[in-house]
Amino acid sequence: MNLATDIWAKVLELMQPDMTTTTIHTWFDDATAVALEEDRFVLYSPTRFKRDIIATRYVPFIQKALHELFSTDFDVVVLTEGELDTYQQPAKSSFLPGTEEYTFERFVVGSSNKFAHAAARAVADNPGHSYNPLFIYGESGLGKTHLLYAIAHTIHNNHPDYKVVYIKGDTFTNELIQAIREGRNSEFREKYRGADVFLMDDVQFIAGRDSTQEEMFHTFNTLYELKKQIVFTSDRPPKEMLRLEDRLKTRFEWGLLADIQPPDYETRMAIIKNKAIRMGVELPEFLLQLIAENITANVRQIEGTVNKIMAYQDLMGDLVDKETVVRAVKDMFKEKSDIVPTAEVIIDEVCKFYNIEPVVLKGQGRAKDISMARQIAMYLIRRMTNLSLKEIGKEFEGRDHTTVLHSIERIEDLSKNDPEKAEIIKDITANINIRYE
């Protein structure tokens with residue numbers, strides 16, 4: 001399948017109401033699509049005269065049709081004789097490899113994310129001057145990381161000499177611990193305090209970690225005083241990070257707070273349509289509606305569902321009809337709600353949060369942090385799986401069910417009466433759920 005050719009056929013069809021059949025035949029019969037890139041559509045016209053007419057008169061019509069297909073804007077480039085042979089698609093950048101598709105052009109804007117998108121765009125276009133720091137928050141899977149990467153790529157393209165640093169909150173903590181162990185504190189500080197643009201994803205994971213918060217405080221101050229751009233993302237606003245030091249809460253709120261809400265129906269439809277067409281497939285209207293009506297809160301799940309449908313159609317081919325596709329899609333929705341994490345995954349995420357080894361968590365250690373982590377693990381396994389008290393005990397070197405029950409009851413009490421412990425449980429639960437998205 002030639003994606004650019006298929007899209008060009010749809011563009012011609014969409015332009016028909018705006019111009020006569022004669023006009024289309026005259027100027028576009030021998031025009032061919034060359035490529036669909038990140039933010040531009042490339043055409044070829046065999047004569048310079050026709051190329052000039054298309055470029056001066058009809059590019060707005062082509063752009064309008066492309067916007068209708070993708071819900072985003074494209075530049076249109078028309079090549080002619082002698083230019084096609086020298087045309088080369090830009091090579092993929094080695095900057096943040098694997099994230100090239102996360103651009104502003106591919107971010108579908110709707111009422112739920114318009115403000116965050118505009119703020120991110122302003123920061124990317126004028127780093128260090130517009131909204132510093134920028135703090136984007138919202139639930140998992142709504143596009144925060146997409147915007148962060150889009151900022152990074154835009155700044156890198158506009159200012160290739162800038163040092164752009166992207167890091168996740170938990171990775172920042174792990175790197176700091178490693179640097180302290182190996183005596184590389186100066187190297188660690190130079191890496192982050194020497195950045196021209198500092199982007200941290202999931203900053204909520206530094207909360208409650210004293211050494212990490214101390215390091216972040218001084219890193220923030222250094223970058224801010226030098227007017228370097230700082231951008232954070234989180235699943236909640238700073239004031240709701242109960243374990244975050246007040247001095248950091250204050251600094252995170254110095255600039256602009258921008259939230260992202262779950263996409264509305266129209267935005268979900270645009271996301272699904274955009275994803276499908278970029279994959280070279282036009283989904284029928286009933287299927288677009290089915291997905292948009294059933295997946296309402298998470299952009300990542302919407303895209304994952306479209307990917308599964310594409311795979312289903314590739315495998316089944318001509319055997320796919322409306323009834324079988326509807327059944328398959330409904331099965332996908334059911335699968336998502338029926339996913340149960342394993343005890344192993346829960347234990348792994350608790351260990352990552354507390355920076356301890358699973359063998360230590362499962363063992364007999366009675367240190368305060370280890371005991372608390374063990375009890376939280378038991379509580380989450382009971383809450384998120386179907387394991388019995390006896391089965392949970394087996395995961396922890398055969399502890400009896402009364403010990404497990406006591407641990408669960410203690411954490412239940414703390415989750416109701418200790419806001420900081422409730423926040424820890426929320427963070428670990430979010431990390432567990434992300435592994436199944």
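Modeller: R300 has a relative accessibility of 38% and therefore counts as partly exposed; buried means under 20% relative accessible area, exposed over 50%, and partly exposed in between, computed with a 1.4 Å probe on protein chains only. This is a predicted model, in which local features need pLDDT of at least 70 and side-chain atom pairs count only at pLDDT 80 or more, while totals for chains, interfaces and linings use all residues. Residues are numbered from 1 along each chain as its sequence is written, and side-chain values use heavy atoms, with hydrogens and water left out.

R300 belongs to helix α12, which covers residues 299-316. Helices (H or I, at least four residues) and strands (E, at least two) are DSSP runs numbered from the N terminus. Along the chain, R300 and G141 are separated by 159 residues, yet their C-alpha atoms are 5.0 Å apart in space.

The whole chain gives this pair its setting. It comprises 19 helices and eight strands. Of its 437 residues, 48% are buried. Among contacts (heavy atoms within 4.5 Å) with a separation of 6 or more, 75% join residues 24 or more positions apart.

S388 sits in the loop between α16 and α17 (389-394), and its relative accessibility of 29% makes it partly exposed. From S388 to H401 there are 13 residues in sequence and 8.7 Å in space, C-alpha to C-alpha. K426, in helix α19 (residues 419-434), is also partly exposed, at 41% relative accessible area.

Two packed helices are described by the angle between their axes and the distance between the axes. Helix α16 (residues 368-384) packs against helix α18 (residues 401-417) at an angle of about 90°, and the axes are 8 Å apart. Such axes are lines fitted to C-alpha atoms, for helices over the stretch in contact, and the angles run from 0 to 180 degrees between N-to-C directions. The two helices are thus roughly perpendicular, a class for angles of 65 to 115 degrees; under 35 counts as roughly parallel, over 145 as roughly antiparallel and the rest as oblique.

Aromatic rings form another set of links. Rings of Phe, Tyr and Trp (its six-membered ring) pair if their centres lie within 6.5 Å; planes under 30 degrees apart are stacked, over 60 edge-to-face and the rest tilted. By this rule the structure has 23 aromatic pairs. In one of them, which is tilted, W27 and F49 stand 5.8 Å apart, centre to centre, with 55° between the planes. W27 is in helix α2 (residues 21-28) and F49 in helix α3 (residues 48-70), so this pair ties together parts that are 22 residues apart in sequence. W27 is buried at 13% relative accessibility, whereas F49 is exposed at 55%. Elsewhere, ring pairs join F135, F172, F188, Y192, F198, F220, Y224, F232, F252 and W254 into a cluster.

R247 places its charged end over the ring of F217, 3.9 Å from the centre. R209 lies over the face of F353, at 4.7 Å from the ring centre.

N132 and P133 are joined by a cis peptide bond, with omega of about 0°; P133 is in the loop between α4 (114-125) and β4 (134-137). S71, in the loop between α3 and β3 (75-79), is a residue other than glycine with a positive phi, near 60°. D202 likewise has a positive phi, near 55°, and is placed in the loop between β6 (197-201) and α8 (210-225). S71 is partly exposed at 27%, while D202 is buried at 15%.

Technical notes: Lys NZ or Arg CZ within 6 Å of the ring centre and 35° of its normal.
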